[in-house]
Amino acid sequence: MLSSQSIATVKATAPALRPHGLNLVVRTYELLLRDPNIRMLFDPARQVNGDQQHIFAETVIAYVNAMDRLDTLKATVKHLTIQQALLDAQPQHYDAIAIALIQAIHELFGKDAVREITSAWTEALDVLHQESPGGTEELYHASEPTPAGWRGYRPFRLQRIIPESSQINSFYLAPVDGQPLPAFKAGQYLTLRLTVPDYGPLLRHYSISSAATEQAYYRISVKREDAPDTSIPTGLGSGYLHRQAMPGILFDVAPPAGVFTLPEGSQPLVLIAGGIGITPLLSMLETLVTSQPNRPVRFIHAVRNYAHHAFSSEVRAAIRKLGHASADFFYEEVGGDAVPGVNYTQVGRPDPAWVVRTNPNPEALYLVCGPRNFMRYMIQGLRLQGVPADRILYEFFGATDEDLLTAEPIAA
């Protein structure tokens, strides 16, 4: 554990990080991104809009605030090890991040960054490093659920590409060795290691949209996201998959991972998706068809319009196969091609009060996935309607101030 003197020193300097947090992480990123092996761990699009810098700064501050409370610290460290597994961070990457952060802190405090401050922060990061490997190892083992599982990366071939909407394509990936795929938990994602022309290596995470019982291939369904800024080259991530990937190309793929998964048990489920957030929930729905066909399920999907509506037929087919299931589709915009009662059932966005009022199962679990503002609106709305926090599940990869169960409501 940290010495009391180091805790006191780190906490004394931490307040300066919040007003200067963005400058601190921008400088940290500048130092890190000189190494292309480090650069592929970061999302340049999220750096442009500030999301990644904000999360990085708030995560550091969360660690500082928790370092003298063991139970809270363990929860914080567990969250950080999840981040490390997500990014495929290795020990050498952690060392590089720590060194860059220490250098950035030294530059921030200037002449005040005396040996005591640098030493205390170095000790704090070293403790975090010592605590993290066990948790990361548990996550890796969790992704090897059967003898067919693997560690690290495995070569997969892109078999086919299927358009699902005006912006979403599905990509079918099969292992090059032809061996059966391991079972995974519906809701998990894959990490793809891409090589993007004129940019270099890139890691991206995409939810598996196929059923967890499928053994021949994994399907990921990806929305095309245009670059948010002209300083970012086109073709990164989803743009590369949509514009340049062709059947036959090989990808390095890490095993399925993630904790936003189909809940065990028999509690009724309310699956609420916004846009591309349907992908993990679709995998859950498809898995229920064969694993728990009589489990009560309600499926709600909100999209912009008919052109953006993906997997309509697939969802309806799954609903018909389930014994106690229903589906509602919400369109924000209703065009001439959309037929009420056929393509959509509601206009506008799903109102949390309506969701709770029309749900006949008071013990239902609510699973929410979609853009952050959509999730914030839905989750906060469900809480205001009296749904307990322990019955609301969603993906959480952000910092402490992004805890959607406690954040202030905003418009979707």
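Buried means under 20% relative accessible area, with exposed over 50% and partly exposed in between (1.4 Å probe, protein chains only). The model is predicted, so local features need pLDDT of at least 70 and side-chain atom pairs count only at pLDDT 80 or more, while totals for chains, interfaces and linings use all residues. Residues are numbered from 1 along each chain as its sequence is written, and side-chain values use heavy atoms, with hydrogens and water left out.

**Exercise 1.** Classify the ring pair of F156 and Y218, and state whether these residues are buried or exposed.

*Solution.* Rings of Phe, Tyr and Trp (its six-membered ring) pair if their centres lie within 6.5 Å, and planes under 30 degrees apart count as stacked, over 60 as edge-to-face and the rest as tilted. By this rule there are six aromatic pairs. For F156 and Y218 the centres are 5.9 Å apart and the planes stand at 20°, so the pair is stacked. Because F156 belongs to strand β1 (residues 154–163) and Y218 to strand β5 (residues 218–223), the pair ties together parts that are 62 residues apart in sequence; strands are DSSP runs (E, at least two residues), numbered from the N terminus. Both F156 and Y218 are buried.

**Exercise 2.** Find the ring over which the charged end of R298 sits, and the residue that R298 stands opposite in β9.

*Solution.* A charge sits over a ring if NZ of Lys or CZ of Arg is within 6 Å of the ring centre and within 35 degrees of the ring normal. The charged end of R298 sits over the ring of W354, 4.7 Å from its centre. In β9, S326 is the residue opposite R298.

Conventions. Two strands pair if DSSP finds at least two bridges between them. Helices (H or I, at least four residues) and strands (E, at least two) are DSSP runs, numbered from the N terminus.
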